Every structure is written in C-alpha cells, then in structure tokens.
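Here's a quick briefing to read alongside the model. Have the sequence and the 3D view open, and we'll go topic by topic.

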Amino acid sequence: MNSAQYLDQTFRYNKYIGSKIEKLVGSKQNLTASYSDSPHSAEFFGRTMETSVIEQISTESILRKDFVRYLELQTELEKMILNMKEDRYKFIIRRRYMDALEWAEIAEMTNYSLRYLYKLHKRAVIEFDVVYNQFMAEEI
C-alpha cells in the first residue's frame, strides 16, 4: 500500500464509521417503546421486536470492532502527521483524512480557494509520502 492509498483508506474508514453510528442511532430511536390505547401488533416493520433488538446488538458488536481499528488508524496517522514539517500541510491532511471534511469545508476554514487548496493538498501528499515511507520502513 502506498501513501495515497493509505490516506484514502483512512478517509473512507472515517466515513464508514460515521455512517454506521448514524444508522445505529436512528435504529435505536425506532426501538423505543411507545404506549397508546390503540391495539398494535407484535410486528415491528415486518419483524418482531426481539429480532430487531438482536440485530441491534449484533450491529453494535461489529461497530465496536470496527471502531477499534478506526482508532488504531487515527493514532497511526496522527503520529505520521506530527513528523511532517509544514503546518499548513498538517492542517490539510488532518481535516481531510482524520476529520473526513469535504474540500469546500476546508477551503472555508482556511480562506483558500478550492484551486489553491488542491495545489497545497498535492504538496502535502508529497511530504506525507516521505513520512509514510519512513514510518513503514521502521515498522518492518
């Protein structure tokens, strides 16, 4: 895996974890019991409440394992970023790959045009590549 693939992996993992958490929170809200005088069935959107709860617990278990991997990636990436020299590059790499922000959000935060931000990002990835290769050499 090269540095660009590594950064892409961390970005996608960040998005994946975020969407899983949103889905989990949404499904938990659907599992909340409600009381009313009207009759209701034991089915919950075509499933029993028991099946829904078991599915929820299973999803939480998978998410815990994925979250551990996510934290490992974030810690590893932060160590590499700390070894970069240019502060602007560090900021761009952190916001894009650790926080999974969109380019427009980063541009707004930095007051850079998108075009200039892309240019800086390209330079940041070049610097990150050097740090990444050193980090991987030490790991072996």
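Which residues are linked in a network of salt bridges? They are Lys15, Arg96 and Glu102. Keep in mind that this is a predicted model. The notes below start with that network, then move on to other charged pairs, the core and a couple of residues worth a look.

**The salt-bridge network**
- Within the network of Lys15, Arg96 and Glu102, the Glu102–Arg96 bridge has its closest N and O atoms 4.0 Å apart.
- Arg96 counts as buried because its relative accessibility is 11%, under the 20% cut-off.
- Glu102 is partly exposed, at 38% relative accessible area.

**Other charged pairs**
- The count of salt bridges comes to nine.
- Glu78 pairs up with Arg94 in a salt bridge, with 2.7 Å between the closest N and O atoms.
- Since Glu78 sits in helix 2 and Arg94 in helix 3, this pair ties together parts that are 16 residues apart in sequence.
- Glu78 is partly exposed at 22% relative accessible area, while Arg94 is buried at 19%.
- Arg12 and Asp8 also meet through their side chains in a salt bridge, at 2.9 Å from N to O.
- Those two are about one helical turn apart, because they are separated by four residues in helix 1.
- Arg12 counts as exposed, with 54% relative accessibility, and Asp8 is partly exposed at 33%.

**The nonpolar core**
- The largest nonpolar core holds 31 residues, and among those with the most contacts inside it are Tyr6, Leu77, Met80 and Phe128.
- Met84 is another of the core residues with the most contacts inside it; leaving out neighbours within four places in sequence, Met84 is in contact with Tyr89, Lys90, Ile93, Ala124, Glu127, Phe128 and Val131.

- Buried residues of helix 5 include Leu117, Leu120, His121, Glu127, Tyr132 and Phe135.

**Arg95**
- Arg95 lies in helix 3 and counts as buried, at 17% relative accessibility.
- Not counting residues up to four places away in sequence, Arg95 touches Ala100, Leu101, Ile106 and Met109.

Note on methods
Residues are numbered from 1 along each chain as its sequence is written. This is a predicted model: local features need pLDDT of at least 70, side-chain atom pairs count only at pLDDT 80 or more; totals for chains, interfaces and linings use all residues. Side-chain values use heavy atoms; hydrogens and water are left out. A nonpolar core is a set of buried Ala, Val, Leu, Ile, Met, Phe, Trp, Tyr and Cys residues joined through side-chain atoms within 4.5 Å. Buried means under 20% relative accessible area, exposed over 50%, partly exposed in between (1.4 Å probe, protein chains only). Contact means heavy atoms within 4.5 Å.
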